[in-house]
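Please keep the sequence and the structure in view while reading.

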Amino acid sequence: MAVSALVFMALAGTALAQGDAIAERRAGLKRMGAHMDAIKPVADARGDVKALEPRVDDMIAWFRTLPQRFPPGSDRGDTKAQPAVWSDRAGFEAANARMLGQLEVLKTAAAAGDSAGFVTAFQATGPQFCGSCHRTFRAR
């Protein structure tokens with residue numbers, strides 16, 4: 001009976017931890033979307049891109065942790081993650097690395113106050129980097 005209780009507690013803890021991983025990554029991805037939404041009007045207006053550097057820094061910090069936010073078993077529950085996140089882990093991590101590279105381009109342009117360079121990079125970020133990962137690794 002005690003062993004059964006321990007097994008049940010371990011399984012419940014695993015389910016809770018998986019739920020936490022899903023909730024944390026969903027919240028983080030929503031925050032990344034909010035950053036993109038906040039950046040767009042500044043980029044469209046060719047505004048002060050230097051002021052966007054903290055947003056890009058937050059995105060870089062968060063995307064550095066993205067792969068670990070998809071631990072084994074966190075494919076069940078309230079998630080839109082496709083099975084390819086786990087079955088094509090190398091592809092998932094490569095897509096994340098490409099996103100990080102693109103964010104570094106944005107950061108460099110923002111830090112330099114290079115509005116034209118920032119706008120060009122930003123216009124590619126959504127469709128080429130966010131979109132390519134969503135098409136493969138996120139359910140609609």
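A salt bridge is taken here as a side-chain nitrogen of Lys or Arg within 4 Å of a carboxyl oxygen of Asp or Glu. The model is predicted, so local features need pLDDT of at least 70 and side-chain atom pairs count only at pLDDT 80 or more, while totals for chains, interfaces and linings use all residues. Residues are numbered from 1 along each chain as its sequence is written, and side-chain values use heavy atoms, with hydrogens and water left out. Side chains of opposite charge can pair when their charged atoms come close. Under the salt-bridge rule, the count is eight.

One of these bridges joins K107 and E53, with 3.0 Å from N to O. Helices here are DSSP runs of H or I with at least four residues, numbered from the N terminus.

How exposed are the two partners? Relative accessible area sorts residues into buried (under 20%), exposed (over 50%) and partly exposed (in between), using a 1.4 Å probe and protein chains only. E53 has a value of 17% and is therefore buried. K107, at 23%, is partly exposed.

Which residues does E53 touch, not counting residues up to four places away in sequence? They are K107, A110 and A111, where contact means heavy atoms within 4.5 Å.

E93 and R89 pair through their side chains at 3.3 Å, N to O. Both lie in helix α4, four residues apart, which is about one turn of the helix. E93 has a relative accessible area of 38% and so counts as partly exposed. R89 is also partly exposed, because its relative accessibility is 23%.

The side chains of D44 and K40 form another salt bridge, at 2.6 Å from N to O. Both residues are in helix α1 (residues 2–44), again four residues apart and about one turn of the helix. K40 is partly exposed, because its relative accessibility is 42%.

Technical notes
Helices (H or I, at least four residues) and strands (E, at least two) are DSSP runs, numbered from the N terminus.
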